[in-house]
Structures are given as C-alpha cells and as structure tokens.
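This briefing is meant for a reader meeting the structure for the first time. It begins with one term and then moves through sheets, helix contacts and single residues.

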Amino acid sequence: MIQIYCKNTSTAKSFPEGSSLLDILSEFEFEKPYQIVSAKVNNVSQGLKYRVYNNKDVEFVDVRDSSGFRVYCRSLFFLLCKAARDVIPGIRIYIEHPISNGFYCNFKKADKKKVSKRDMDSISKRMREIVSKDIIFHRFNVQMEEAVRIFKDRGMDDKVKLLGTSGEVYTDYYTLGDTPDYYYGRLVPSAGYLKVWGLHLYHEGILLQVPDTKNPNVVAPFFDQPKTFNMFTENLRWNIIMGLSNVGDVNQAIKDGRASELIQVAEALQEKKIVQIAEEIERRYHRNDNPLRAVLVTGPSSSGKTTFCKRLSVQLMACGLYPVTISTDDYFVNRVDTPLLPDGRYDFDNFETVEHSLLEKDVLKLLAGEKVDVPVYNFVTGLREYGKRSLKLTRGSVLLIEGIHALNPNLIPKVPQSAYCKIFINTLTCTSLDNHNTIPTSDNRLLRRIIRDYKKGAFTAVQTISQWQSVCEAEKKWILPYQENADMMFNSAYLIEFAVLRNHAESILSSIPANCAEFSEAHRLLKFIHYFLPVSDKEIPPTSLLREFVGGSSFK
C-alpha cells in the first residue's frame, strides 16, 4: 500500500500500488464546483490516468488552474484536429495563436478553397459526436525512432522535425480513436470531458473558443482584436518567408549553422519596424493640421517597453526630433495612499496608483510650452520628490509618456487626442512547437522576467513565479483591454528567442526545489525550453531588446 496526501483536503489515505489518479480522486471528498481535469503530483502536472507507485502529494485541479486549463486546451486541440480530418479528407490544421479569448486555427484544404460555414458546422457536429461517445485518449511511450516513423507515414512533417531534433530517446504520443497526434503535455482521460467550447468563423479560418477560466461552464466571451490579429499575421508571414514556422525548423536552421544569420534577421526586422514607427511620428509631427506632440507607450510586463523607448528615441533623433521622456511611475501616489488588494497588499497595478490628474496637468503645461518641475518617484521611501528634474518642450521636441496605464483613456482625457499617438508593445510568439502545439505568449514574458529578476538580484525565480499569476490578472484588468486603442503596435518577440533564453533559464529553473509549489511551473518551463537547441547570446548586439533581460545592454 502507498500513502497519498491530498492537498485539496489536507488528509492522507492508503491505496494499492498502481492506483490511478481517477481511482484516488473518487476516495477524497471535497468541493468540486467544476470538473476536475488533471492533478499536480509532487508539484508536477499529470493526467488523471497517471498511476502512482510510491507515496505522493496530490492536488486535483480544474480549468481555473493554469495547468488544468492547458490540459483542457491541448485535449480540445486534438478533438478539433481529429474531427476536421474525419469530415474533410486531406485537410491540414494549424493552431496558430491565442486571440480574442480563443485560439485562431488555420485550415488548408486539399482543394485549396477557404474553410466555409458548412465546413465549420460539419467539424462542430463531428466534435460533438466524439464527445458524446466519450472516446478515450490513449497515451503511448515509444522509442523516438518509432514515433518519427508513425508521423512520417502520415505526412506530419512538422512533428517529424520537432521530435527528430529533440535529442530524446523515448517520447509519448496520443491517439483519439484511430488518429495519432503529439502534444507536449498531458490530456484529459476522454473526450467526454470536453463539453465546453465553440467554433466561430474568424478572418480566413476558425476561432476555437475555450472555457472561461473564471466560470469554466461557459465559453470565454468573444471580443474582436483586429489590430492584434494583424500583428500576429505580419510576424507569421515573416516566419514563413524565413522557413521557420515551427521549432523543428528553428532547430534545423541552428544545426545548419544559421544561428548568426537568424539573429541578424531578427534584429533587422525589429529595427525596421521601429524606423517605420519613428517615421510615422515624424510625419504626424510635421502635418499642418493638429500636429502630433506626444507619444504614449505601454505594454504588459517584460514586453520590452524600456528598450523599445530607448531605440525609438534614437530613431526619432535620426528623424530630426528630440524626445523628452516621462514615466507614469513617477506620478505614483505616495505609498501610504496606494490602493489595496483584498488581502491587504498594495495594488501597484491599480489605475488609481497613478495620480493621473497631476500627470494630465503637467502634460498640458508641457504641450503649452511651459517649463515644468516634474516629480521623480523614490521607490525606497515611497514618496514623490521634486527639484530633481525640470522639462520643457522646445522646437522639435516630442514628449514620450511610458507606463502601464498609458493607453487608458482616463489617463489624460483633457489632452486633445490629435496631439498624441498611442503605441502598444506586446510579445506575440508566432513560432509554434508544431502545427498543433501553440506556444503561450505569456511564457515568453515569464522566462524574460525570471532571468532579469534573477540577474538583477531583485527576486528569486520562486518569487517571480509566485507573483506571475497576479501580474497576469492585473494585465487583463488594466492593460490588455486597451491594446486595440493603439495607433501602432510593436511585437517584441524575437525570432529565435527561446533558443537564446534556454542558456540563461536552465540553471535558474533547475535550482527551484521540488517541495515548493512553484516547482510545477519551473518543471513545465524546463521541459518546454528543452525543445529548443541552445544558442549563445554572444552575437546579440548591446542595443537588442533581449539585452534588457539577459544583461549586457548599452542603454542605461
């Protein structure tokens, strides 16, 4: 017999060796408002079919938990792919990226026609049939050569390239009915678990709608994001031109000695975009009617706002303009006046943390040509300090306002909108593991933040990971709702970023002990970055956005 400690109940029970998590779940009574989809075993995410042969700690989770949400979505991807193949022979499915509270899926039909509503309805009907029959997901662990052969025989070259460059001896693959597929994490036990989803025609493909993580019994509400979608499309187009649609392509290019070339192209693409933005600002600055005088810049955590503003400033100067920068952080209210979270901690992401009325007053004065004594926030004392910095806009000056609330329409409502433009920076990863395994965009930023925090000595990896969920929740509330308000967008994702970050993140993540809750995320990220062949950062220039996170930036 083995001992299982259930974290959901804080109690332990004995079970026969080899008991599955499904068996164990049935013996523990606790509140289950939503269906349990997976579990964390000794802080490692596992499917409910996982069998236990030693004493373990187990925590059962539903879709509200990030690991449970990923398990559900992966399973849903497989359901969609199988149903599409069943009803449209020869179709190829590409699950490209998250958008509009779902996942955008591109379909390539053998007849080269666009996917239609009739196609979507047929796929949806087949998905419902598979769910109603509760067809089982089977997992197989085989030698890598066998897995490669299975996918090669079915023309799934994306998976052949991914697995063929992994360097592993064994791998898992799954089947749903007679359809094999590969997913980089666990799935739900059977299709009957997948009752909440929706399909929606979107652009040239289909949006796969997924459960709302706040209420998993309903699909997350749809909201259109045309500008964000276009940014994804633009970067995906460049990836395809470069022949780097997935990780297997990137790994093969690295093996072929093209890492330096890929770094150079990545830098060139980002610089080209920054130049275009600077030239558009210059054009608006010199227009006769309502000339532009300010630029508002924002983006979520670790999107590269600081370096972007530095590089944009350089390009503006090359255009003959002189950028004057202020940060909304310097207009924080004194710390004692900061809004509080429900648990009593300071809510530094709250819009009311910024004294926006004062900021607006100073911006109006600056745009009117007045000299302004602007505050500098002392993060040690938690007080705004004056007498350290005064600003005045002169001929050719452009005011750059940077901060997480810069696109919030309530930040400077009295400033005429014609006087400024708005820029949103995000990290939209367009390279997928393979056609059916998209990379969460937040993973890019989380790895950046873990590395930067560690190198600066600001936080340990455990602290960064423990804070990340609240960071993401704050972004959803205060930043992301306004991204479509932007006049221009910039994608700071780097062409071969994960290959570079692997060298920095591996040792940091490996240092997290298995007995802390953050080990679950560290284990997942370690497994994920191991799909990428490592690339040294020695050829990353000192002005690169990546230098903000891995160190060595020439910007101070």
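Predicted model: local features only at pLDDT ≥ 70, side-chain atom pairs only at ≥ 80, totals over all residues.

A residue is called buried here when its relative accessible area is under 20%. By that criterion the buried residues of helix 14 are F519, S520, E521, A522, R524, L525, L526, F528 and I529.

**The covered helix**

- Helix 14, which spans residues 519-529, is mostly covered, since 9 of its 11 residues are buried.

- Another open sheet is formed by 4 strands in the order 8-9-14-13, with antiparallel pairing.
- Its edge strands are strand 8 (92-99) and strand 13 (198-202), each of which pairs on one side only.
- Neighbouring strands here are turned against each other by 30° on average, again with direction ignored.
- Strand 9 (residues 102-108) and strand 14 (residues 205-209) run antiparallel and are joined by 4 bridges, with Y104 standing opposite L207 of strand 14.
- Helix 6, residues 226-241, packs on this sheet by touching strand 8, strand 9 and strand 13, and its direction makes about 130° with that of strand 8.
- Strand 13 and strand 14 pair in the antiparallel sense over 5 bridges, and Y202 stands opposite G205 in strand 14.

**Helix 11 and helix 13**

- The axes of helix 11 (residues 441-456) and helix 13 (residues 497-510) come within 10 Å and cross at roughly 50°, which means that helix 11 is oblique to helix 13.
- Helix 11 passes helix 13 in a left-handed crossing.
- On the side of helix 11 the contact is made by N444, L447, R448, I450, I451, Y454 and K455, and on the side of helix 13 by E497, F498, L501, H504, A505, I508 and L509.
- Sorted by class, this contact has 9 nonpolar, 2 polar and 3 charged residues.

**Helix 8 and helix 9**

- Helix 8 (residues 259-285) and helix 9 (residues 305-318) pack at an angle of about 60° with their axes 9 Å apart, which means that helix 8 is oblique to helix 9.
- The crossing of helix 8 past helix 9 is right-handed.
- Helix 8 contributes E267, Q270, E271, I274, V275, I277, A278 and I281 to the contact, and helix 9 contributes F308, R311, L312, Q315 and L316.
- By class, the contact of helix 8 with helix 9 has 8 nonpolar, 2 polar and 3 charged residues.
- E267, a residue of helix 8, is buried with a relative accessible area of 10%.
- When its neighbours within four places in sequence are left aside, E267 is in contact with R311, Y494, I540, P541 and S544.

**Loop residues with a positive phi**

- As background, most residues other than glycine have a negative phi.
- N43 has a phi near 70°, a positive value in a residue other than glycine; N43 is found in the loop between strand 4 and strand 5 and is buried, with a relative accessible area of 7%.
- H203 is not a glycine either, yet has a positive phi of about 55°; H203 lies in the turn of the hairpin formed by strand 13 and strand 14, which have 2 residues between them.
- H203 is partly exposed, with a relative accessible area of 45%.

Conventions: Residues numbered from 1 in each chain as written. Heavy atoms only, no water. Pairing = 2+ DSSP bridges. Axes fitted to C-alpha atoms, helices over the stretch in contact; angles between N-to-C directions. Contact = heavy atoms within 4.5 Å. Parallel < 35°, antiparallel > 145°, perpendicular 65-115°, else oblique. Left-handed = near helix turned anticlockwise from the far one by under 90°. Nonpolar A, V, L, I, M, F, W, Y, C, P; charged D, E, K, R; others polar. Buried < 20%, exposed > 50% of the residue type's maximum accessible area, 1.4 Å probe, protein only.
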